[in-house]
Amino acid sequence: MTQTQHTPLAIVFALGFTMMLGPFAIDTYLPAFPAIAAAMGVEIKVVSLTISVYMFAIALGQLVGGALSDHFGRRRVLVTGLLLFACASFFLSRAQTIEALLLGRVLQAIGGGFTAVSVPALVRDRVRGLQAAKLFSMIGLVAIVAPAIAPTIGTLLLRLGDWNVIFVFLGIYALCLLPLLSATVFKGPRRQPVGPGGISMVARYLGVLRERRALPHIGWQTAGFGGLIIFVTWSAYIYQVHYGQSRDAFALLFACNIVAMLCCNLLNRVLLNRLPSLQILRGATVAQAVAAVWLLGVALLDGSVLAFLPGMMLYAGTLGAISPNNQAGFLEYFPASSGSAAALMGTATFSLGGIASGLSTLLPQTLLSVTLCILSARGIRSRRGYGYRAVP
């Protein structure tokens, strides 16, 4: 496709629903933590390890899947990822020990990594430049629904049965994506792999790393995502312990971030018709840095939850503009190895975000510590002198 061709809405929704698989895998089973802990005779914090394991394993899955998709084609890797994810989910539904649960989550995450890395590569195969930024934004608009509704879906499923039902749902969801993708994204004759053949996985990633102009985009993405993951890690403490909010109020306060991301995503779509993608990216990054300073000021002045909320909404919301524009700008450098490039960015984002989240738990349990971590993460890419080329 050229950059002026239109992408059918059916493909947008199919790719968006595919991207929803990741948030569903993380957020849908959160309400079942107490039930899982009781069933396996462990503490809830032990069950929480399944999230950390998933984060690191999905990074590995993206690293392997990206190079494989450049070599064997997007369809094979994406279908393999969905089947592996589904099989692992059904295995998890029958797990009876924490060891089996951790093993199942590793396998599930590797399949999820194969799936997640295929979507940005498919976008880059179809469009480029400004049109790629718009398509990423549209896909994000669909996928952003997942973290908002996933805990609610998990709660409803728990009313129908035990915690095992949640993993059965995830497996069925993954299988349902196969006919949807076949009827939309992969409709018609199969395309040949876009990358040059005969190149090893290591060589593909070395080729990406040699493109020094593109590497700052990885830091840009990781900085914003890392700060958000730190907030998610501490969100229950911030709202329920520090501010003394109820669980129902916590759910509403957390959902405000999703609403903000949705609004920024819609605004990004409008602005892309008038402004260069890079200009929007820089503006959103500055806004996120301002939000981080706002949060630190609230912590220093012992502000109320109503003072903290708008700062957090702005911080989280700007990712709705940062992520699509940054991905489009990054992949613009790799027309023949977009799978490997997307994998490298995804691996860095998830692994470094997970490390930042884990290290933050070693700090004192105070709002000031959390906001300092968020500010330090965002401050890495808030200075001037980006040096990136504009997305045409």
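The structure shown in the following figures is a predicted model.

Figure 1. The protein contains 18 helices and 0 strands. It has 392 residues, of which buried residues make up 52%. When contacts between residues at least 6 apart in sequence are considered, 84% of them join residues at least 24 apart.

**Figure 2. The buried and exposed sides of helix 3.** Helix 3 is formed by residues 33-40, and its buried residues include Phe33, Ile36, Ala37 and Met40. These four lie on the same side of helix 3 because they cover an arc of only 100 degrees around the axis. Which residues are exposed on the face turned away from the buried side of helix 3? That face carries the exposed residues Ala38 and Ala39.

**Figure 3. The surroundings of helix 3 and the residue that follows it.** Several helices take part in covering the buried residues of helix 3, including helix 4 (44-47), helix 5 (49-72) and helix 7 (98-126). After helix 3 comes Gly41. The phi angle of Gly41 is positive, near 70 degrees.

Figure 4. Is Thr115 buried or exposed? Thr115 counts as buried because its relative accessibility is 1%, and the cut-off for a buried residue is under 20% relative accessible area. With residues up to four places away in sequence not counted, Thr115 touches Thr18, Leu21, Leu78, Gly81 and Leu82.

Figure 5. Val305 is found in helix 15, which comprises residues 305-317. The relative accessible area of Val305 is 14%, so this residue is buried. Which residues does Val305 touch, not counting residues up to four places away in sequence? The residues touched by Val305 under this condition are Tyr239, Tyr243, Gln245 and Leu253. The view also includes Gly244, which is 61 residues apart from Val305 along the chain. The C-alpha atoms of Val305 and Gly244 are separated by 9.4 Å.

Conventions: Residues numbered from 1 in each chain as written. Predicted model: local features only at pLDDT ≥ 70, side-chain atom pairs only at ≥ 80, totals over all residues. Heavy atoms only, no water. Buried < 20%, exposed > 50% of the residue type's maximum accessible area, 1.4 Å probe, protein only. Helix = DSSP H or I, 4+ residues; strand = E, 2+ residues; numbered from the N terminus. Arc of directions from axis to C-beta. Contact = heavy atoms within 4.5 Å.
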